[in-house]
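Let's take a walk through this structure, one piece at a time. Have a look at it first, then read on.

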Amino acid sequence: MGAFLSTTDLAYGAAATICAVQLLTPANPIGSTLRLFKQFRKQEKALTSAGNVNKGIEEYNRLHASESAEERNKEYKSLVNSYYDLATLFYEWGWGQSFHFAYRYPHESFKQSILRHEYYLASKLGLSSDASKLKVLDVGCGIGGPLRNICKFTKADVTGITLNQYQVDRGNELSNADPQLGTSKCRSVQGDFMELPFEDSSFDAAYAIEATCHAPDRVAVYSEIFRSLKPGSIFACYEWCMTDNYDPKNADHRRIKKQIEEGDGLPDICGTNDCLDAMKKSGFEIIDERDLAEDDYGAGNGGKPWMLPLLPSWNPFTQRFQFNWLGRMLTTSMLWCLETCFLAPKGTSKTQIMLQKGGMGCADGGKTKIFTPMYLMVGRVPLNKSVPSAVGGQ
């Protein structure tokens, strides 16, 4: 027997491990990968930002080539729509239906932490015990993972809005596939949260989970949410922010901020104080605010930080493997081969490089504590509601 395993031995070993994971754990790597290939074939037909994936990633990279955020803020619709045309498939494949972070308490699974994070935000909305007749707005709903979970949790009627038509179609497909829901109880609609397509005072509550960071103007987006809510209603959100630890004169801090913006479809990232001031200027009465990244999640007893899934690992059976140098090279090479064999659209490997860059930026931002994806703000619409006469700001 040779000293080294043959390629055949390694292939058999990898296949056996994948089958074991498929059969013995809740994970579904085979089903997820088959779904990814199926959606690859449909993706280019559904693109709304460009004629194909390659043109989309080229335009996206062009918008992020400048250090100035001015053009990105001006072209935010194109920037965000391009990003989610390109990124949504990878997000659902690698992360699930809820596109957000959460820290993990000891003995808590990733899925449990995601649900808890959503339920905690929903608990801030002040809904009655019988919320079945209440209407809730999900601002920036993605493919509707939180929308469906919060609909089940609160029993409220939930409408989600997203700029990207592919996400609308996928979200409604998933809602209709759930026998407990369907689009009669929760649905996604296409629209711009800077100009919400709803009448004044249409909703009893609203929330946003890591979504309004895509807005070019926080006062304007919060003001639109304020306008759409009834007097006395509550808006709660998790916001992506630079913390007070961020130093714009520090080159490494600027690199991390740029990586997050470029890898996550953001025109610019505001500070926590900027976002809080914008909420106040929009008319909300602040009833709670804090950075949940500073919570005690039991790190000494096995709790996990929010950025753990983005930290490099040499375990080849976790998604963290892609963030070490070998994993990055193998992932890019594999996707390039799929492009060459026409199994994935041209430009897919460039898209993955962009997403990896964002992941590494978020990981570094979390480790240095200059960035948080979970700055909580909870605001109430005054009972004597009046829409601010002028909007605009940070």
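Two residues are in contact here when they have heavy atoms within 4.5 Å. This is a predicted model, where local features need pLDDT of at least 70 and side-chain atom pairs count only at pLDDT 80 or more, while totals for chains, interfaces and linings use all residues. Residues are numbered from 1 along each chain as its sequence is written, and side-chain values use heavy atoms, leaving out hydrogens and water.

Let's start with P146, which sits in helix α7 (helices are DSSP runs of H or I with at least four residues, strands are E runs of at least two, and both are numbered from the N terminus). Leaving aside residues up to four places away in sequence, P146 touches Q97, S98, H100, E118, D138, Y207 and I209. H100 is 46 residues away from P146 along the chain, yet their C-alpha atoms are 9.2 Å apart.

Now for the helix partner. Helix α6 (residues 110-123) packs against α7 (residues 145-154) at about 60°, with 10 Å between the axes; these are lines fitted to C-alpha atoms over the stretch in contact, and angles run from 0 to 180 degrees between N-to-C directions. On the α6 side, the contact is made by L115, E118, Y119 and A122, and on the α7 side by G145, P146, N149, I150, F153 and T154.

Finally, find N164 in the loop between β2 (157-162) and α8 (165-177). N164 is buried, at 1% relative accessible area.

Key. Buried < 20%, exposed > 50% of the residue type's maximum accessible area, 1.4 Å probe, protein only.
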